[in-house]
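Please keep the sequence and the 3D view open while reading.

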Amino acid sequence: MPSKPFNPHSLPLDLFVSALACTSWYKEARPLLGECTDLLFHGFRHSIQETRCIAELPTESRHSGLDYPDQMERIVVDFTRCANEGNYVATLAALETVLSLCPAKLTNLLVNISCPIPTPSPVLYRPFTRPQPLCSSVKCLELFGTEDTGKNHMNDLISALSPHLETLKLTKFTLNSGTYHALGKCTSLREIELNNVGDEERLPTEPEQRHFAYSCNRQRNIDATASVLTVLCPQLESFTLVTSADSLSPAVTLYNMIAFLKRCSGLKRLRIVGNKDVNDWFMFWCLLRGVDGRRLEHIDLEGCTNLVGSVVPKRKGKGSWPRLRSLSLQGCDGVSAWFVKRAVRVCPKLEEVVLPRHLNGEGEIGLAKRGFGCEQNGRWRRVKVKPTLKKDSVRAIASWMLKLKNVSSNER
């Protein structure tokens, strides 16, 4: 067998399959797989016969008493590697073969359909409508597409996985009424991540949602979504908004952001990236004026170049950050050294600080003097210092032990 690291595709397919299905070779071949399911469907162009052969491998392994199927945690299906309709059919059939084994640890399914899809047929449709009985363990679904991607494929797959789905990540899709209908079946959905996704009215939200993330490289206002989150998702723990720095209007108005932070009492992580509307007014009204910022444990304002830091957190009471554990100011080219110094000084639980490039010099901030060590790219972490005994303490202990020894000697 070749030494690691190596390219699994460089092995002859027959040898590779035989090694994984053979008990005597399994211990040698299994560590070379890495993410085994990525090899099945992702990254290489297989012939139809090879795809069928690889998909039958887990079944043969299980017949041999091996644990290969039960070690699968993630399946990646990349339709962009399919050169024609025959490859589509073979890939979908292979996926169905693997899913029929009901891998016990399979929780993540990633499907890349950012390419034209042949006209739907029963053969192409079946795996998208049948995962419910086959994939009861899948809790995370990631879909990559284009704005022209067939929505029925996506909506049917979400519906099929809805009873157990907890995390949904969509990239480059335009949502429609069918999407919202499918999401309405996801009673256990806790995390929604949307990247360059458009919709007809507002972005999807769910009552039991704990995490919401949205990123878009085009100008987009999501005030309606923020308002819905404020009302329907009071248990939200994490909010991420990534927008283009050259947007002409705010993604969320200051009024709606204030209302959102005030209502979502369980919010612990706030991440706003590349937003020119994050300035000192935002800092004061949203994070320092009331008690809303006191609940936050993680604040990430990466790339918010209009933030200066003329208003700073307090040590106690309103305007303080008593629970803050991490603060990221990467790319905040206008933020002052005084703001960072003050935050480090008054936040007792602060463990990590990410500095912009112009403040990364040790002399200006003095983080090392406050127990922080620099790792890389402006990231500073608090160094855990092992307790040491002072000389006076050592002498006292030695004296006490000597007295104890003398007492023991006298008793004898």
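## Two packed helices

A crossing of two helices is called left-handed if the near helix is turned anticlockwise from the far one by less than a right angle, and right-handed if it is turned clockwise. In this predicted model, helix α10 passes helix α11 in a left-handed crossing. Helix α10 covers residues 223-232 and helix α11 covers residues 254-263, and the two pack at an angle of about 20°, with their axes 9 Å apart. Because angles under 35 degrees count as roughly parallel, α10 and α11 are described as roughly parallel to each other.

On the α10 side, the contact is made by Asp223, Ala226, Ser227, Leu229, Thr230 and Val231, which meet Asn256, Ala259, Phe260 and Arg263 of α11. Sorted by class, this contact of α10 with α11 has five nonpolar, three polar and two charged residues.

## Aromatic rings

The structure holds five aromatic pairs. One of them joins Trp281 and Trp285, which are stacked, with 6.3 Å from centre to centre and 5° between the planes. Both Trp281 and Trp285 lie in helix α12 (residues 280-288), where they are four residues apart, about one turn of the helix. Trp281 is exposed, with a relative accessible area of 57%, whereas Trp285 counts as partly exposed at 28% relative accessibility.

Trp285 also forms an edge-to-face pair with Phe284, at 5.3 Å centre to centre and with 80° between the planes. Phe284 is partly exposed, its relative accessible area being 33%.

Notes: Residues numbered from 1 in each chain as written. Predicted model: local features only at pLDDT ≥ 70, side-chain atom pairs only at ≥ 80, totals over all residues. Heavy atoms only, no water. Axes fitted to C-alpha atoms, helices over the stretch in contact; angles between N-to-C directions. Parallel < 35°, antiparallel > 145°, perpendicular 65-115°, else oblique. Contact = heavy atoms within 4.5 Å. Nonpolar A, V, L, I, M, F, W, Y, C, P; charged D, E, K, R; others polar. Phe/Tyr/Trp six-rings, centres within 6.5 Å; stacked < 30°, edge-to-face > 60°. Buried < 20%, exposed > 50% of the residue type's maximum accessible area, 1.4 Å probe, protein only.
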